[in-house]
Amino acid sequence: MCGIAGILETNASSGIDRETVRRMTDFIMHRGPDDGGEWTDPEAGIGLAQRRLAIIDLSPAGHQPMISHSGRYVIVFNGEMYNFRELRQRLDSETNIEWRGHSDTEVLLAAIERWGVKAALQASVGMFALALWDRKERRLFLARDRVGEKPLYYGRIGRRFAFASELKAFRALPSWKPEIDRGALALLMRHNYVPAPYSIYKGVQKLLPGCLLTLSSPASEPQVEPYWSAREAAEQGRDRPFEGSPQEAVTELEALLRQSLNGQMMADVPLGAFLSGGVDSSTVVALMQSMSSQPVRTFTIGFQQTSYNEADHAKQVAQHLGTDHTELYVSEKETMDVIPNLPEIYCEPFADSSQIPTYLVSRLARQRVTVSLSGDAGDELFSGYTRYSVTDAFWNRLSRIPGPLRSAIAGLATLPAPAFYDRLVGPLMPLMPEQFRFNRFGDKVHKGAELLSLRTPNDVYRRLCSHWADPSQIVVGSEEPATMLTGLEGLPSLQGNVERMMYLDLKSYLPDDILVKVDRAAMAVSLETRVPLLDHRLVEFAFSLPLSVLRAEGTTKWPLRQILYKYVPKALIERPKMGFGVPIGDWLRGALRDWAEDLLSERRLQADGILRPEPIRHAWSEHLSGRRDNQYLLWDVLMFQAWRDKQRECWPAMAA
């Protein structure tokens, strides 16, 4: 695991400043504290640099930047190739190679020399972001893993083409004058993250997952093409669905997950896993323990607030499996102490509040291991989110009502304030079935009314996944750009609404929220994280499973549950789904109120000229009074404001 960076000068005659290249990786040293290196070719105007967190082959033979055996290619590589041993055996059968060490990077370079860049990537199984310089053709390649576990930013900075694992590396470039992209900021206000290919800065993009970028000459436009397509995988799954029985699907899934774990449990350093006690992480840990001769190290964070605490569940699962379990209960103060560090941990504004416990559990794990596996992606691949069935059922009923009538009903429903509905139904709540006992019933009525006027199931899903419903009214001078949810890329023709929502989450919410959250939180403490469920062979298999299998017996993630129940009693797992969160809403009315008031002050917002004060102050007032729970809307704004303060400290250009 590493951090990479580099520059290619448009005018090669000006040479290359090796010190600038080195300083780029100095800003991301937390991603690789064990080693660092730079390689430059002044004649070509190219410089590559890397910071290394040594995981495989701890010897100097794994040092980067690494030059291929022929001398033609130079690479900086961030990530892991889990099948590098199989690729090495294949290469040995085809040609004679005098290997210098046993690193996966050396194997990848040899594969590129033998098969070409695209074919080598397609043969790989792993998570990565890389830059490759072809010294013969003077071409630069950038590539990112299939689902987007590892980040990679790129853009033209003055007369340079630059790239890096994190945006903060661009601070080293003397010509860098960062300018906030207000369209990207509008997306942050809608989603709580900036979706790829956008970044918070104009002129800088994220390379999309599964893509290969080629820069044929310093002044040319980069060409981006997929070497793996989630859309094609989804369509192949639709055209060639799994034809076996549900139990045969479970058997096949377990075999694929074991295959994935066989590669991901390899490391020359201590390795463990996050354990929440939920289905996904428990399944991963159960299989890890069944494949290990020693107790697997597992880690959990606990909170005193019972509604946010999963530590007891995780402890029971760990005891049953016999893992070497570590849990840490953190106080409210210890949790909130993380907040001032968030703008530096996340190189662009990011407002998923589960970033806080994710950082805490990463910090805990790093005390004992260098690598930790997680159960992320189970919900997206195996239909685990409640919102899928809720949206589908809502749309099936809504679509039967004529559009004009829906609009009229929506208008009438929003005439009374949310508090009116709360007072009206409050006394009846204890008498209702548990699944209908909603807090802030009035908020839900208003949100439901908004949905009535929407025209397509994609519109409904986008609104359900939105924080600020109309970010252009929040961000001054913004025009919201297209995303996966609004036609940036054509959607595959899938059978139903649920399948489309799962696909959209795999393409955007998973890589741009979940994987960003985990990568930055873990890398801030120099911890490598791996996601066994994102082995692309497993992803492709998941696409082939019909919804009737994924939601068999009236439950979610049915195949994963059947694997888990072989190792853990059902009684330890079956309980209402609990998010990995913290009580931000309560904190904003309490201990964080003064901090938030400063960032949300009308004077400050007016002076900055980026966010409109009126709707933000209104949302803040509603939240403080308890009339509405606006924690998600407010956290988006607060994380941007806090991030911007941090950038002003770092860059004079941003302050200006």
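Analyst: The residues that line the second largest cavity divide into five nonpolar, three polar and four charged. The model is a predicted one, and the space in this cavity comes to about 90 Å³. Its lining is formed by Tyr82, Val125, Gly126, Asp145, Arg146, Val147, Glu149, Gln264, Val531, Leu534, Asp535 and His536. Among the charged members of this lining are Asp145, Arg146 and Glu149, while Val125 and Leu534 are among the nonpolar ones.

The wider setting may now be considered. Rolling a probe the size of a water molecule over the atoms shows where empty space is left. The structure contains 10 cavities of 30 Å³ or more. The largest cavity holds about 110 Å³ of space. Its lining consists of 14 residues, and Arg52, Ile56, Gln64, Asp104 and Thr105 lie nearest its centre. Six residues of that lining are nonpolar, five are polar and three are charged. Both β5 (73–81) and α3 (104–115) supply at least two residues of the lining of the largest cavity; the largest share, three residues, comes from β5.

As to confidence, the protein chain has an average pLDDT of 92, and 93% of the residues score at least 70. Over residues 432–437, however, the pLDDT is below 50, and this stretch has four contacts in the model beyond near neighbours in sequence. Where pLDDT is low, the predicted coordinates should not be read in detail.

Conventions. Residues are numbered from 1 along each chain as its sequence is written. This is a predicted model: local features need pLDDT of at least 70, side-chain atom pairs count only at pLDDT 80 or more; totals for chains, interfaces and linings use all residues. Side-chain values use heavy atoms; hydrogens and water are left out. On a 1 Å grid over the protein atoms alone, a cavity is a set of points where a 1.4 Å probe fits but cannot get out, and a pocket is an open set with protein on both sides within 12 Å along at least five of seven lines; lining residues have an atom within 4 Å of a point. Grid points are joined across faces, edges and corners, and a volume is the space filled by probe spheres set on the points. Helices (H or I, at least four residues) and strands (E, at least two) are DSSP runs, numbered from the N terminus. pLDDT is the predictor's confidence in each residue, from 0 to 100. Contact means heavy atoms within 4.5 Å.
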